[in-house]
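Here are some notes to read alongside the model. Please keep the structure open while going through the points.

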Amino acid sequence: MADTNFDIIVVGGGPGGYVAAIRAAQLGLKTAVVEREHMGGICLNWGCIPTKALLRTSEVYDLIKHAESFGLSVKDVSYDAKKIVERSRKVASQLSNGVKGLMRKNKITVFDGTARLAGTEGGQRKLAVAMNDKSNLTLTAKNVILATGARARQLPGLETDGKLVWSYKEAMVPPEFPKSLLVVGSGAIGIEFASFFRTMGAEVTVCEVLDRILPVEDEEVSAFAKRAFEKQGMKILTGATVSALKKGANNVTATISASGKTQQITVDRVISAVGIVGNVENIGLEGTKVKVEKTHIVIDQWGFTGEPNVYAIGDVAGPPWLAHKAMHEGVLVVEKIAGVKGVHPMVTTNIPGCTYCQPQVASIGLTEAAAKANGQQVRVGKFPFIGNGKAIALGEPEGFIKTVFDAKTGELLGAHMIGAEVTELIQGYSIAKTLETTEAELMATVFPHPTLSEMMHESVLAAYGRTLHI
């Protein structure tokens with residue numbers, strides 16, 4: 001019979017959970033993970049990774065369609081939807097199996113089942129586990145980390161049905177690609193699917209209740225993205241709500257209200273991407289000191305929930321809802337539990353965000369508007385892709401990089417990008433913010449030529465009237 005007592009038990013094997021378990025094992029703590037479905041969680045199996053596989057396909061497909069501009073001749077370009085989906089699922093499966101291998105390598109015990117808090121016993125936390133094989137176990141541990149993640153939000157009248165109205169799961173494994181599509185919500189998930197299906201040839205309409213798409217991004221980035229998407233043929237409706245969905249045999253008619261007017265559009269499928277809710281049900285929070293606000297567990301800067309020896313990380317613990325935030329959170333919570341010296345709490349303004357549409361979007365820190373709203377005097381620099389030799393050589397001259405500095409101290413407050421490969425470039429500014437770099441150090445840094453990264457340097461120079469190539 002498997003051992004049932006541990007130093008740390010992690011409930012949930014997503015990015016935050018499995019990374020927390022690995023770090024705990026590295027620190028010599030006897031560790032277990034309880035996972036009800038797939039190791040790697042939503043991210044590896046149904047989110048971050050398989051969507052990037054799909055988006056890579058659409059990127060290559062788009063490049064082939066424009067082969068002539070590179071001096072190439074390609075005829076009869078087509079695609080096989082089944083094979084595209086199969087490739088995405090294989091990528092997800094490979095990485096999920098990789099996580100299972102990491103559990104074995106680090107001697108972490110994995111229980112396939114669903115866990116709930118079940119009080120204490122002899123100073124130990126108890127977990128009741130309903131195993132997937134229908135058996136029941138009671139596990140004990142000094143510390144429990146809740147990493148149960150989140151799921152798609154369901155709005156009344158807009159509930160997903162798996163056939164005509166999709167969540168991200170159905171959108172990732174369609175039996176055939178729709179010829180027309182309505183995407184409700186223009187955050188990262190909605191825009192990535194809108195971009196993928198539009199590139200693959202679907203007529204796409206995006207409906208956003210706020211006054212601009214990608215609403216968490218800098219206003220200039222949102223405006224540029226809207227123009228780029230509309231140029232691609234996407235229809236963008238902002239300040240708009242879907243008031244009704246009427247389902248046909250194989251299509252949906254949506255009633256959309258915007259700017260005081262109502263219109264109806266009929267599409268093959270609808271994707272609902274209107275946010276997420278935390279998985280806080282049926283995990284034994286009743287009768288504990290764990291607080292839940294807006295479906296998410298309330299934690300302090302160290303992930304502590306208020307209930308002795310119970311912590312929470314990742315999507316279930318609130319925004320930003322990003323895998324890399326969950327991973328970092330898992331490490332810092334474990335290190336705090338283990339008494340590691342020099343552990344720093346999470347600084348959310350140092351967490352980059354990425355959207356893998358075409359063009360890509362990436363950002364970190366404060367927008368110009370947010371910095372000004374804080375009462376800070378700012379210096380802002382911008383540099384366009386058209387001024388960069390590598391961007392022109394790549395055939396990617398559309399986009400810009402924007403940096404926001406504190407005018408008094410030179411602190412880098414934020415950076416905002418749109419264009420080719422900016423999801424890779426943003427890490428340079430992530431390091432700069434973590435090191436509390438000022439404009440002086442960034443100006444003195446040598447960036448290689450020819451690279452897209454030179455635009456990062458030029459944007460800093462532009463904030464101080466020193467740009468060289470425009």
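Which strands does helix α13 (residues 454-463) lie across, and at about what angle does α13 run to β21?

1. The model is a predicted one. Helix α13 lies across β21, β22 and β23. The direction of α13 is at about 140° to that of β21.

2. **Layout of that sheet.** The sheet is open and has five strands. Their order is β19-β20-β23-β22-β21, and the pairing is antiparallel. The edges are held by β19 (353-355) and β21 (378-384). Each has a single partner strand, so one side of each is without a neighbour in the sheet. From one strand to the next, the twist averages 10°.

3. Strand β22 covers residues 400-406 and strand β23 residues 412-419. The two pair in the antiparallel sense over six bridges.

4. **Second largest pocket.** Helix α11 (422-434) turns up again here, as it supplies at least two residues of the lining. So does α8 (323-338). Which helix gives the most to the lining? That is α8, with six residues. The volume of this pocket is about 620 Å³. The lining has 24 residues, and H328, P345, V347, N350 and T434 are the closest to the pocket centre. By class, the lining divides into 10 nonpolar, nine polar and five charged residues.

5. **Parallel sheet.** A further open sheet of five strands runs in the order β7-β14-β8-β9-β10. Here the pairing is parallel. β7 (165-166) and β10 (235-238) are at the edges. Since each of these has a single partner strand, one side of each is left without a neighbour in the sheet.

6. Strand β8 (residues 180-184) and strand β9 (residues 203-208) run parallel and are joined by five bridges. A landmark for this pair is L181, whose bridge partner in β9 is V204.

7. How many cavities of 30 Å³ or more are counted? The count comes to one. The largest cavity has a volume of about 30 Å³. Its lining consists of T51, L54, L55, E192, F193 and F196. Helices α3 and α6 each supply at least two of the lining residues. Four lining residues are nonpolar, one is polar and one is charged.

8. **Packing of α3 and α4.** Two packed helices are described by the angle between their axes and the distance between the axes. For helix α3 (residues 48-65) and helix α4 (residues 81-105), the axes come within 8 Å and cross at roughly 145°. The crossing is right-handed. On the α3 side, the contact uses I49, P50, A53, L54 and T57. On the α4 side, it uses I84, R87, S88, R89, V91, A92 and L95. The contact residues divide into eight nonpolar, two polar and two charged.

9. **Backbone points to inspect.** Most residues other than glycine have a negative phi, and most peptide bonds are trans. The bond from Q358 to P359 is cis, with omega near 5°. P359 sits in the loop between β19 and β20. The bond from H449 to P450 is also cis, with omega near -5°. P450 is in the loop between α12 (439-444) and α13. K134 is not a glycine, yet has a positive phi of about 80°. K134 lies in the loop between β4 (124-131) and β5 (136-146).

Technical notes: Residues are numbered from 1 along each chain as its sequence is written. This is a predicted model: local features need pLDDT of at least 70, side-chain atom pairs count only at pLDDT 80 or more; totals for chains, interfaces and linings use all residues. Side-chain values use heavy atoms; hydrogens and water are left out. Axes are lines fitted to C-alpha atoms, for helices over the stretch in contact, and angles run from 0 to 180 degrees between N-to-C directions. Helices (H or I, at least four residues) and strands (E, at least two) are DSSP runs, numbered from the N terminus. A crossing is left-handed if the near helix is turned anticlockwise from the far one by less than a right angle, and right-handed if clockwise. Contact means heavy atoms within 4.5 Å. Ala, Val, Leu, Ile, Met, Phe, Trp, Tyr, Cys and Pro count as nonpolar, Asp, Glu, Lys and Arg as charged, and the others, Gly among them, as polar. On a 1 Å grid over the protein atoms alone, a cavity is a set of points where a 1.4 Å probe fits but cannot get out, and a pocket is an open set with protein on both sides within 12 Å along at least five of seven lines; lining residues have an atom within 4 Å of a point. Grid points are joined across faces, edges and corners, and a volume is the space filled by probe spheres set on the points. Two strands pair if DSSP finds at least two bridges between them.
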